[in-house]
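Thanks for coming. I will go through a few local features of one model, and then take questions.

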Amino acid sequence: MNIIESLSSYFSYTFVRYALIAGVLIALCAALLGVSLVLKRYSMIGDGLSHVAFGAIAVAAVCGTAPMTVALPVTIAAAILLLGLNSSTKIKGDAAIAMISVGTLALGYLLLNVFSTSSNVSGDVCTTLFGSTSILTLSKTDVILCLALTAVVILVFILFYNRIFAVTFDEAFACATGTNTKAYNTLIAVVTAVVIVLAMNLVGALLISALIIFPALSAMRLFKSFRSVIISSAIISVACAVAGIFIAILYGTPVGSTIVAADIVSFIFCFIAGKIAKKS
Amino acid sequence: MALINVSGVSLGYEGKAIVTDLNFSVGKGDYLCIVGENGSGKSTLMKTLLGQKSVVAGKIEFGDGLRQNEIGYLPQQTEVQKDFPASVKEIILSGCLNGCGIKPFYSKAQKKQAADIMKRLGITDLSDKCYRELSGGQQQRVLLARALCATKKLLILDEPVAGLDPVVTKNLYHLITEINKEGITVIMVSHDIHAAIEFASHILHIGNKPLFFGTKEDYKNSDGCHCFICDGGCDE
Ligand SMILES: Nc1ncnc2c1ncn2[C@@H]1O[C@H](COP(=O)(O)OP(=O)(O)O)[C@@H](O)[C@H]1O
Ligand SMILES: [Mg+2]
């Protein structure tokens, strides 16, 4: 009873409502995309992109511009670049991704340290990396931007669902029968970049991959068709985000890592459930 | 005019030719079997026909109103990851994608076509099964169904029976022959020269020179045939 009462009292605060709206939307987008990224072996690209986004936000902070206006285009450009590197046979794709990802991380931190006017640099960095409180300080414009971008991501996903499946399942066949696989891979990369920039608000740069990967892996333990995996991973992701935000508010834990902890618990649960289902 | 006309074509990677001076044509309703040793460029030829690679030299022409995106294809190896969640129905329907144009979803007619093809190949009851839990022969049938969804004219199969046991292999060959008799042109890459001679109407032998192209009757009487059969085909 007590918990419910205190939760409902929290709901009277707009920042809590904003956090929930943004959290649910971002978790939903991350899960939708996550299934394709995991199956296409692009998980590392997602991780690399989040570090690029961190570097871009550092640059924005130093220049004093709004973080989104720098992070979004830079991350999208990096997504297209990383995808190109991944498919080229000449440069080792994974090494290139690792290179870009640690490179931008280091440069971002360096820039912040050298140029930042803030008195609490390590606090700022910690927030950007782990998203400790930024989800609870969203303004109305942030939420509206978040709404608009997630609407675009979900719309793109629904409209291109069949093509995304074809490209994910068997690129050679899709290409041979006239599907423009390159265009759809680029589309997936661009949407990934958008989701990652959005998700930085929720869980911070270092934890984004968890948001993308865990729900997909959990759903894959339990379901065997693409559609059911997508739907269930969306449900798992949203449930974990809501649970994480509630727990974080009630017990004062950091939002990002609490959500990821919820994702880990759900993965363990799905793993065991999958094993039991296989035996019976 | 023939469905496909290949004249003076050289194939290769990065400008380096593997096969040179290739000439053949495929008419409507033909069943062309392409044989040759490992690494002789059979898969490369298939990819070139499908427009995934450009020719090093020469020209490939499509006739009879055949368009690039009207070819059904069964790749040599489908590297589906072990844990890919996909139902048989989802996979087969994905073959219909090239008929969608700019529409985002499959039409009722396409779904019916997919269902008919599944019935035709006897895999209707697998419809909701998970692809990765099927046997090798069932998986090939599913991919064949997907290829059939993608075409009404031409089917390109790259070693469809590789890794299958003899009984399943024979069934698949008969199925392909029946599909061909129903009017779909078939181009099949095969290792198995005996099956090629049994089922195909035309044979293209690439790799060792001179290349051979002609009907199977001509091929049986040619030197290349005996040479190849005793090199690779007979154990005695
Ligand atoms: N992507 C590639 N890049 C460069 N060379 C290749 C590539 N794929 C195949 N080859 C070479 O082309 C030759 C023909 O290969 P392939 O067409 O797969 O032969 P087949 O299908 O007849 O066994 C081989 O010698 C192979 O090493
Ligand atoms: Mg081959």
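Let me start with a definition: patches are made of residues with over 30% relative accessible area and no salt bridge, where like charges are joined within 9 Å and nonpolar side chains (Val, Leu, Ile, Met, Phe, Trp, Tyr) within 5 Å. A salt bridge here is a side-chain nitrogen of Lys or Arg within 4 Å of a carboxyl oxygen of Asp or Glu. Accessible areas come from the Shrake-Rupley method with a 1.4 Å probe, and for residues only the protein chains shown count as cover.

Some housekeeping. This is a predicted model, in which local features need pLDDT of at least 70 and side-chain atom pairs count only at pLDDT 80 or more, while totals for chains, interfaces and linings use all residues. Residues are numbered from 1 along each chain as written, chains are lettered from A and ligands numbered from 1 in the order written, and side-chain values use heavy atoms, without hydrogens or water.

Now the patch. A:Val62, A:Leu107, A:Leu110, A:Val114 and A:Phe115 form a nonpolar surface patch with about 480 Å² of accessible area together. Four residues, the largest share, come from helix H5 (residues 93-115) of chain A; helices are DSSP runs of H or I with at least four residues, strands are runs of E with at least two, and both are numbered from the N terminus. A:Val62 sits in helix H3 (residues 43-63) of chain A.

Next, the metal. Which residues coordinate the magnesium ion (ligand 2)? They are B:Ser43, through OG, and B:Gln76, through OE1, at 2.0 to 2.3 Å. B:Ser43 is in helix H1 (42-49) of chain B and B:Gln76 in the loop between strand S5 (71-74) and helix H2 (88-94), so the pair ties together parts 33 residues apart in sequence. Donors are N, O and S atoms within 2.8 Å of the metal (3.2 Å for Na, K and Ca); water is not among the atoms, so sites may look incomplete.

B:Ser43 is buried at 17% relative accessibility, and B:Gln76 is partly exposed at 34%. Buried means under 20% relative accessible area, exposed over 50%, and partly exposed in between, with a 1.4 Å probe and protein chains only.

In helix H4 (residues 136-149) of chain B, 10 of the 14 residues are buried, so the helix is largely enclosed by the rest of the structure. Among them are B:Gly137, B:Arg146 and B:Cys149.

Last, cysteines. With a disulfide taken as two cysteine sulfur atoms within 2.5 Å, the count over all chains is zero. For A:Cys270, the nearest cysteine sulfur, in A:Cys240, is 8.3 Å away. A:Cys270 is buried, at 4%.
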